[in-house]
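These are my notebook entries from one sitting with one model. I wrote down what I looked up, in the order I looked it up.

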Amino acid sequence: MRDISGTTTLVTGAGRGFGRAVATALAQAGTQVVGVGRDRARLDQLRAELGGGFTPVAADAADPVVAGQLIDAYRPRTLVLAAGTSPLGRPLPQHTWETFSRPWEVDVRQVFHWAREALLAPLDPGSVVIAFSSGAAVKGSPLSGGYAGAKATIRFIASYAAQESQRGGLGIRFVSVLPQLTPATDLGAAAVAGYAARQGVGVDEYVAAQGPVLTPEQVAKAVTGLATDPAYEGDAYLVTAARGLIDAGGAG
Ligand SMILES: NC(=O)c1ccc[n+]([C@@H]2O[C@H](COP(=O)([O-])OP(=O)(O)OC[C@H]3O[C@@H](n4cnc5c(N)ncnc54)[C@H](OP(=O)(O)O)[C@@H]3O)[C@@H](O)[C@H]2O)c1
């Protein structure tokens, strides 16, 4: 296992959901965590919990200037891109182009800018960039507008960046994670409520039919594993409650 204690981690979307759990786990692993989110109060709350090992940065993770400034300032050994917009949960005809494309304007834009900055810097050999795609990239997500396509593109961007790292001999690892849908975060709870309503069942019944519920702590454990265990050599991993990390295969 790679020892990451004493190194710097940067996590976007650190204020809540998966990003918060990842920031907590990587702080507990002894890394200095820089947490990015738009809600300053939530980040300050996490700082109060984690102490001096956590540096809050209130900023828009999809802003290219933010990506450039924070990569230059912190040069993270582990970069986790967990920020993501909550898509408008409506079927296709009820979307406008603006609502449909929001996950592209936030999630894809973010991963594009940060992956590019990581390659340009370049981050040190041995650095790891972990981008949040979604199981929806494989299964689709008919109530989320452009979300599934955006998440598939994030998987491609991580794979393309990995190829550029390899071609340039940079030694930076890029990997995407594809968590299964879970009601355990704000984003996931809204999606699950939408799909349950569409099927005409209650949320509890819908969730029970999906099998074991993925928790943010399991996602954080998976991300920590990807950052520390050299056995994970793949480009993309499904993250599941029942079977943990599953190699999703090359994305191109
Ligand atoms: N939950 C699921 O079922 C599921 C499944 C597969 C993939 N995912 C993906 O996992 C990631 C985390 O989702 P989650 O479920 O943890 O969602 P969540 O609980 O809604 O949290 C989203 C996080 O992203 C941050 N964020 C959103 N826009 C931002 C921006 N422009 N700049 C900086 N931070 C921003 C939010 O913080 P602020 O509001 O403070 O900015 C929040 O911390 C997302 O990429 C999501 O698509 C989730």
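**Entry 1: the sheet**

In what order do the eight strands of the open sheet come, and what is the pairing? I read the order as β3-β2-β1-β4-β5-β6-β7-β8, and the pairing is mixed. Before going on I noted that this is a predicted model, in which local features need pLDDT of at least 70 and side-chain atom pairs count only at pLDDT 80 or more, while totals for chains, interfaces and linings use all residues. Residues are numbered from 1 along each chain as its sequence is written, and side-chain values use heavy atoms, with hydrogens and water left out.

I also wrote down how the elements are named: helices (H or I, at least four residues) and strands (E, at least two) are DSSP runs, numbered from the N terminus. Two strands pair if DSSP finds at least two bridges between them. Strands of a sheet pair through backbone hydrogen bonds, either parallel or antiparallel.

The edge strands are β3 (54–58) and β8 (244–247), and each of them pairs on one side only. From one strand to the next, the twist averages 20 degrees. For angles, axes are lines fitted to C-alpha atoms, for helices over the stretch in contact, and the values run from 0 to 180 degrees between N-to-C directions.

Strand β7 (residues 236–240) runs antiparallel to β8, and four bridges join them. In this pair, L238 stands opposite I246 of β8.

**Entry 2: helices on the sheet**

Which strands does α7 touch? I found α7 packed on the sheet against β5 (128–132), β6 (173–179) and β7. The direction of α7 makes about 160 degrees with that of β6. Helix α2 lies across β2 (32–37) and β3, and runs at about 175 degrees to β3. Contact here means heavy atoms within 4.5 Å.

I checked both ends of α2. At its start, a side-chain oxygen of D39 comes to within 3.1 Å of the backbone nitrogen of A41. This is a polar contact (a pair of N or O atoms within 3.5 Å; within protein, one must be able to donate a hydrogen and the other to accept it, and residues adjacent in sequence count only if both atoms are side-chain atoms). Just after α2, G51 has a positive phi of about 80 degrees.

**Entry 3: salt bridges**

How many salt bridges does the count come to? It comes to seven, where a salt bridge is a side-chain nitrogen of Lys or Arg within 4 Å of a carboxyl oxygen of Asp or Glu. I looked up three pairs among them.

D44 and R40 are four residues apart in helix α2 (residues 40–50), so about one helical turn separates them. An α-helix has 3.6 residues a turn, so residues three or four places apart point the same way. D44 is partly exposed at 34%, and R40 is partly exposed at 41%. The scale is relative accessible area: buried is under 20%, exposed is over 50%, and partly exposed is in between (1.4 Å probe, protein chains only).

In another, R109 and E105 meet at 2.4 Å, N to O. R109 and E105 are also four residues apart, in helix α5 (residues 102–120).

The pair of D107 and K151 has its closest N and O atoms 2.9 Å apart. D107 lies in helix α5 and K151 in helix α7 (residues 147–167), so the pair ties together parts that are 44 residues apart in sequence. Are D107 and K151 buried or exposed? D107 is buried at 0%, and K151 is buried at 5%.

**Entry 4: around the ligand**

Which residues come nearest to the ligand? Of the 29 around it, they are F18, R38, Y147, K151 and T185; a residue counts as near if one of its heavy atoms lies within 4 Å. A backbone N or O atom of G13 is 3.0 Å from a ligand oxygen. A polar backbone atom of A61 is 2.8 Å from a ligand nitrogen.

I ended on T185, which sits in the loop between β6 and α8 (186–199). T185 is buried at 12%. Its side chain reaches the backbone nitrogen of G188 at 3.1 Å. Leaving aside neighbours within four places in sequence, T185 is in contact with G17, F18 and P216.
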